[in-house]
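This report covers overall make-up first and then one local element. The sequence and the structure are shown here.

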Amino acid sequence: MTTYSKEIINDLVNGTLPWPQTRRIMSAYKDDDRFFKYLAVLQDRVAWAEAVLLPVGDRLFICDSAEGRITRCECGYSFGDYRKNWKLKAAINVRDTEESLREIYPNSDIPDSQWMEIREFFCPECAHLHEVEAAAPGYPIVHDFEPDLEGFYRDWLGKPLKDQS
Amino acid sequence: MLDKTANPLQRRLLESERLMEETGCYDGITELRLRGQDPLKFETLHTKLRAYCVSAREMARRISASPGVREVGEMVVAIYTPEGDAIALSNGIMVHVHTMSRFIKWMIRNGYEQNPCIRDGDIFANNDAFIGTVQVPDVMDVVPIFHEGTLVGWAGAVCHELEAGGITPGGDVCLAQERFTEGLFVCAEKIGENDEIRRDYVIRCERNLRMPIYWVLDEKAKVAACIDMRENVKQLIEEIGLEYWQRLSKEFIEEGRRAQLARTRQLTVPGIYRGHTFYGHVTEGKPGFQPLADPNWLYNIPIEMEITSEGKIRLDFDGTQPWGYHSMNCTPAGMDGGMFVTLTQHMNFEGLVNDGAWLATEINIPHGTWTNPDNEMAATATSWALLLPAYGVFQRLLSRGFIARGFVEEAFVGQVNSPMIEMGGTSQYGTGFGMAHFECAAAGSGALAIKDGLDTAYVGWNPESDMGNIEIWEQNMPMVYIGRSIVPNSGGAGKYRGGCAFISTWLINKTDHLRLVTSEHSSRVFDNGGLCGGYPAPTCEKHHAVRNSDIHERAERREPLAHTPGTDPLVSDFERIYKGEQVWEEGPYITRPHKAGDIFSHAYNGGGGFGDVLERDPIKTAWDVENGFLTREAAEKVFGIILKEDAEGYPQADIDATVARRAEIRRERMRKAIPVSEWMVREQLRVKASDFAPEVAKMYRSAMKLSPRFSKDFREFWGLASDFTIAGEN
């Protein structure tokens, strides 16, 4: 079975693994023990002790906490119950003017702000930009991902999560 | 009326489908017996079949006269079961492996075994998307494979033709508003017998196409590839025996199905994934567009993907827009093809690649939408305009699963539209001509979760992306290149930026009549997205041309020339440098003919970005600026990276200044941002008042009319009454 050290997974996740090595990993059979090594790498990154259960973004995780399972920014900020859309507890900046769109697109054709706006979803604590939506005005905010967390741990990983009820 | 029930092949197809339904396994293959008996032989035989396909395609490319096939490889071949399921395929435009499967099944279901009969040496062709392809220029040929009188399979090949004989030259005919203007249709026809293409079919092609040499020689190339594969398969059956082949080919597909389910369970996480994209089609008042197609359109494409606990992928397009009198509609075959080509790129990089992967998926394409028109008169010539953005969303949804599972090296922000330019009129040789320029097969890709996207090296429909050599294109059109350059800042911004696109600038040469038409570029909205904080890539919306330019006079005087429109969005370098009539055109470029001395530029799209821009590596950014992928202005304003110059004048990252600037940007973010709850209260008022541009309001009304779920979700999100509608009439 293919397997890699935690250090290699760490470098891969951080984008610092040299390309020839990365390329070999991409071409090889996948390592079945990746997930828990990945979680260990991410756990080392965060300042809190509660277990990271599932990454749902680049610096966004579902983890255990005293208030139950929550979506959490890497800085520790809680976006609340992981089953709810974390974006509803984020800070938002909407680019819906030519001037504000030009800040991101200085040289190119830009959207007509009557047809499309750019929505930036930040962590209210550390100002990390977690997600960008390009949507028509009035379009509901999308709930990107609703994982079947319990099913995943129970049926796919064979390690059921502890019941929180 | 034909007695279809008496058709043995049709019975075999129905039986195969019944067995799949009853057992959940392809053709009722509940046990991979041959694989179990001798796994090495099993794998070796599949590798052989794949080698037959790859070798046949390479041989055919050398027969073709079309630079689309010869240069950029717009071709794919595959081997099928008698019922039309793909067993093995080549590289190339893999989207058509499954569309060809639909074509074969369509012939079987429609009694072709009785009339026009399916005999050894027959050649069948099709480019009707409602039978099984994506668009008119995708012409497919299949030949049956017989062993001692028994039909034992099919060999098939598809080429994208550079000229299809539509109302405008080329094949992606954006002006088509119904199928009757899309070009020459070949509707599941027998075009040859005894391994020879019929003369009357060739004459039909010669008299209905602007540039028949491409289509006709491609037919010969495809038939040669099919015969090559057929003879190899027959030889193989001689070696392994008919009974073994019949079981083996079915086991290959069942293994492909199982492998896809296993791969999904290995690489992703079960659950519901959602995303969306948009497409703006601005044609109001353009020459040639008839009243039905005249209004501008805004398309929303929401996609929900479910990964079940079994590992099945279900894609749902509920909530998208109706089909329309434009050329961007897609058929179920095209939608299946999009799913197939995406899966082959992102999940089936090991093991057997065949129709088994497709069997491990489900797709909901609501009747009456652009994904599944309830009118077979609908035009599909530029299906890709909506298909590529849609499957770019699919790639982002899959990628979120890869990131959740830890396989960050497979996460990919997705494909983009790569606008097509097509032309016709009088060639540089003084003859009539027509051609699609296929350098579009080399857009910028979306970023990965661990690195920047590929620059000018990816399109979704053909992973073997290639822009082709300038010299070859120049042989085929009355234009010469005066520039082919990277477009700075054309990749979406992010920790990892999207791949950059390129722009070509041509001087029209040795002709007094050149019609130029472009398609598949979204106007007024971005048709791609970023991921995890990355921004969408800018979408090319406008074209710039100079009529009656003074380029020859400037060249005579040895004065500098502009080789691109430059990076000023308001005043181009063409306007600064060249005298002449300056043309800016939004949306599809369709105007009066050009002539020698005119200048025209056409840009392709870059891919979306990944991650927060403030985490981008300053050193990599300095390299990007030095090499023209980013401008210094963007490095500072978008990424917060301050550059200084080293001793030799090259850009160098100023780390301390960058840290300070980024801290300032974070403070600015917090000053400008408001809680989402606050924003929603304000936006709700706008929604209640239906305070939208007419095209946006029309989009909402159409989506709500077609989709009870979209209506419910929309009303619930904004806290509206259950009978709320957007004001106005469609």
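## Make-up and size of chain B

In this predicted model, chain B contains 22 helices and 22 strands. The C-alpha trace of chain B spans about 75 × 60 × 60 Å along its principal axes.

## Burial and contacts in chain B

Buried residues make up 58% of the 730 residues of chain B. Among contacts in chain B with a separation of 6 or more, 75% are between residues 24 or more positions apart.

## Hairpin of strands E12 and E13

Strand E12 of chain B covers residues 420-426 and pairs with E13(B) in the antiparallel sense, over 6 bridges. Within this pairing, Ile421(B) is opposite His437(B) of E13(B). The two strands, E12(B) and E13(B), form a hairpin with 5 residues between them. Gly430(B) lies in the turn and has a positive phi of about 85°.

A residue counts as buried here if 20 or more other C-beta atoms lie within 10 Å of its own.

## Domains of chain A

For chain A, the domain assignment gives domain 1 as residues 1-45 and domain 2 as residues 89-135. The centres of domain 1 and domain 2 of chain A, taken over C-alpha atoms, are separated by 32 Å.

Key
Residues numbered from 1 in each chain as written. Chains lettered and ligands numbered in written order. Predicted model: local features only at pLDDT ≥ 70, side-chain atom pairs only at ≥ 80, totals over all residues. Domains from an automatic or database assignment. Helix = DSSP H or I, 4+ residues; strand = E, 2+ residues; numbered from the N terminus. Buried ≥ 20, exposed ≤ 12 C-beta atoms within 10 Å, placed from the backbone. Contact = placed C-beta atoms within 7 Å. Pairing = 2+ DSSP bridges.
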